[in-house]
Each structure stands twice: as C-alpha cells, then as structure tokens.
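Biologist: I'm new to this one. Could you show it to me and let me ask how you know what you say?

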Amino acid sequence: MRTGDEANGLRRGGTIVVLTGAGISKESGIDTFRDADGLWSKVNVEDVATIERWHRDKKTVLDFSNERRAAFRSANIVPNAAHHALGRLQREWPGEVALVTQNIDLLHEAGGASRVMHMHGRGGLVRCMACGTVRESDADLFTHSRCADCGAIGELRPHIVWFGEMPLYMDEITAALERCDLFVSIGTSGTVYPAAGFIQIVRRRRPSARTIELNLEPSDGHSLFGETIYGPATEIVPAFVERLLSTAA
Ligand code: BJW
C-alpha cells in the first residue's frame, strides 16, 4: 500500500471531484456487486441489467428490479459515517465539490450532500421508454404498467442505467474532471466504464491534479492513482475528509 498526504498542498478553494461506488454503502447494509457476497454472485448480470435483455424479456428485468426495491424498503438503510463525511465536505470545503456516484441509493443525499450526480440513475424514479418522461415513483413495475403521460403499456422501467446504455451527466462530469485539482475514488472496483476511465481522463487532461483511491482493497486501476488508502469506508473516509478540511482551514 502506498500512503502519503496528497491532501496537503491542495489549494484552498480548489475543485474536488469525488467518485463513489457500491463500497461506500456496504456498511449501510447494501450489497456490492462484485465482492464474494455481492449481487452478481447471486444473479447473472446478463439476465437482469442489460438493455438487450430488457428488449428481449422485460418481465425478468422488471421482476429483478421489483425484488431489489422490496429489499431496500424492508431493510433499515441509513447513511453511514462515510456518507456524512462527504456531505460535510460539500458544505465546508471552500471550493467546488462535484460528487459523482455510480450508486442508485439516496444515501449521499440522506447524509447531507446537496448535489449528487447519479451517473447510473437512481431509485425512486421511473422512465417511459416510449415518451421519455421521468417521474417520481416507488411503485413496482410490470409488463402491463401504463405510462400516465403517453398511455404506452409495458414501456415503464426504472430510471437506472443498464449495460449498453449511456450513463447520465457525462458532459458535466467530464468538464469537472478536466478542471479538478483533486480526484478521489471511493468504494468502486474500477471495472465498469466509463467511471473506471475517469482516472485516465484526469491524468491525461489535468496532470497537475492529485489523485487518490480509498477502498477496502486495491481496485483494478489502483496503480494509476498517486495515493491509495485501504480500509472500511466508515473509517477511512471521515479521517480523510477531516484531514482535507483541516488543511484548508
Ligand atoms: C468497500 C467496502 C467498504 C466493499 N469500504 N470499500 C469492454 C471493455 C470496456 C468497456 C466495455 C466493454 N464491453 C462493454 C463495455 C462498457 C460497459 C462496461 O464497462 N463493461 C465492463 C464490465 C467490461 N459499460 C457500460 O455499458 C456503461 N455504458 C457505457 O459504457 O456507455 C457507452 C459510453 C462510452 C463512452 C463514454 C460514455 C459512455 C453502462 C454501465 C451501467 C452499469 N450499471 C450497473 C447497474 C446495475 C443495475 C442495478 O443497480 O440494479 O451499475 S452495473 C453495477 O456496476 C452498478 C454499479 O454502479 C457498477 C459499478 O460497480 P461498483 O460500484 O464499482 O461496485 P463493485 O461491487 O464492483 O465494487 C465495490 C468495491 O467496493 C470493491 O472494490 C470492494 O473492495 C469495495 N468495498 N466493501 C470500502 N466497507
């Protein structure tokens, strides 16, 4: 493990981009995808999370998302110390903190973050594939569900990004990466693009930026980061934020 103090030297008021993944919500009780006990060890990703599958077999895809919604509802899921620390960072850092998450849960918001870019969509929203309308809804979806806006039947889906679809906010995220002074990646395995390529964008387009990975263990792209810190998010993220804010004080 490489350690250091990348936070030191970051100019006061500089731009920070934080990318989070499933690992930050693990200690809140939400399974990751690719850990040994993760979601993809229980279900085949090709069966439930690709746009091709949606077009071939909507029922299977909708049943899976209904089950996930039910599991989220029944569990007492609350933000953990890492979410709260990032909320604090957004409030107290004397510059921009662009918070980008691959997660569909709303734990960053519940932890006090005011603006979150959910690049893989988020729970609590449905989208009509026929008219494109996005609406707040936590209701289960079925192949006979009808769009309240255009009347199409069987076109409503969760507003999340499946494999083969374009993630959201890409222009805004790319612009933030190209001007950032610090890029922090937290709790992501670095296997899913385009998020996995953000570190390369920063290295290429913003070579002066500090880069740091915080994760339970080295991600696929760990060697591309200038600094790495490993441990549970609830321990290492609050400590990192504390250090960053005291540097800026
Ligand atoms: C802890 C911890 C603790 C544990 N504390 N840490 C061939 C080559 C390259 C790319 C492709 C390719 N073929 C296809 C592609 C593209 C494809 C892709 O990347 N595939 C790869 C798998 C090969 N990507 C796409 O299709 C994306 N779209 C796209 O690329 O559009 C084209 C485009 C081109 C150019 C620019 C822009 C766009 C769409 C991806 C959609 C992903 N969707 C999902 C949704 C699932 C559905 C659902 O939620 O119900 O998003 S899949 C899933 O993976 C989910 C996650 O957001 C995403 C990332 O996972 P994440 O967050 O990294 O989780 P894990 O489980 O992998 O890792 C957790 C980490 O936490 C681990 O490292 C642990 O160690 C750690 N951890 N406990 C701290 N307590």
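Modeller: Let's start with Glu 213, which is found in strand E8; strands here are DSSP runs marked E of at least two residues, and helices are H or I runs of at least four, numbered from the N terminus. Bear in mind that this is a predicted model, where local features need pLDDT of at least 70 and side-chain atom pairs count only at pLDDT 80 or more, while totals for chains, interfaces and linings use all residues. Residues are numbered from 1 along each chain as its sequence is written, and side-chain values use heavy atoms, with hydrogens and water left out.

Biologist: Why is Glu 213 called buried?

Modeller: Buried means under 20% relative accessible area (exposed is over 50%, partly exposed in between; 1.4 Å probe, protein chains only). Glu 213 has 1% relative accessibility, so it counts as buried.

Biologist: What makes the link between the side chains of Glu 213 and Ser 219 a polar contact?

Modeller: A polar contact is a pair of N or O atoms within 3.5 Å; within protein, one must be able to donate a hydrogen and the other to accept it, and residues adjacent in sequence count only if both atoms are side-chain atoms. The Glu 213 and Ser 219 side chains are joined at 2.4 Å, so they qualify. Contact in general means heavy atoms within 4.5 Å, and beyond four places in sequence Glu 213 also has contacts that include Ser 185, His 222 and Tyr 230.

Biologist: What makes a set of residues a nonpolar core?

Modeller: Its members are buried Ala, Val, Leu, Ile, Met, Phe, Trp, Tyr and Cys residues joined through side-chain atoms within 4.5 Å. The largest such core has 27 residues, and Ile 16, Leu 89 and Val 237 have the most contacts inside it. Helix H9 (233–248) is one of the elements supplying at least two residues, and H9 gives the most, with 8. A second, separate core of 19 residues includes Val 17 and Phe 225.

Biologist: Which residues are closest to the ligand?

Modeller: They are Arg 34, Arg 68, Thr 188, Ser 189 and Tyr 193, among 36 residues surrounding the ligand; a residue belongs there if one of its heavy atoms lies within 4 Å. A side-chain N or O atom of Ser 189 is 2.5 Å from a ligand oxygen.

Biologist: How much of the ligand does the protein bury?

Modeller: Taken alone, the ligand exposes 1,500 Å², and the protein buries 76% of that; the areas come from the Shrake-Rupley method with a 1.4 Å probe, and for residues only the protein chains shown count as cover.
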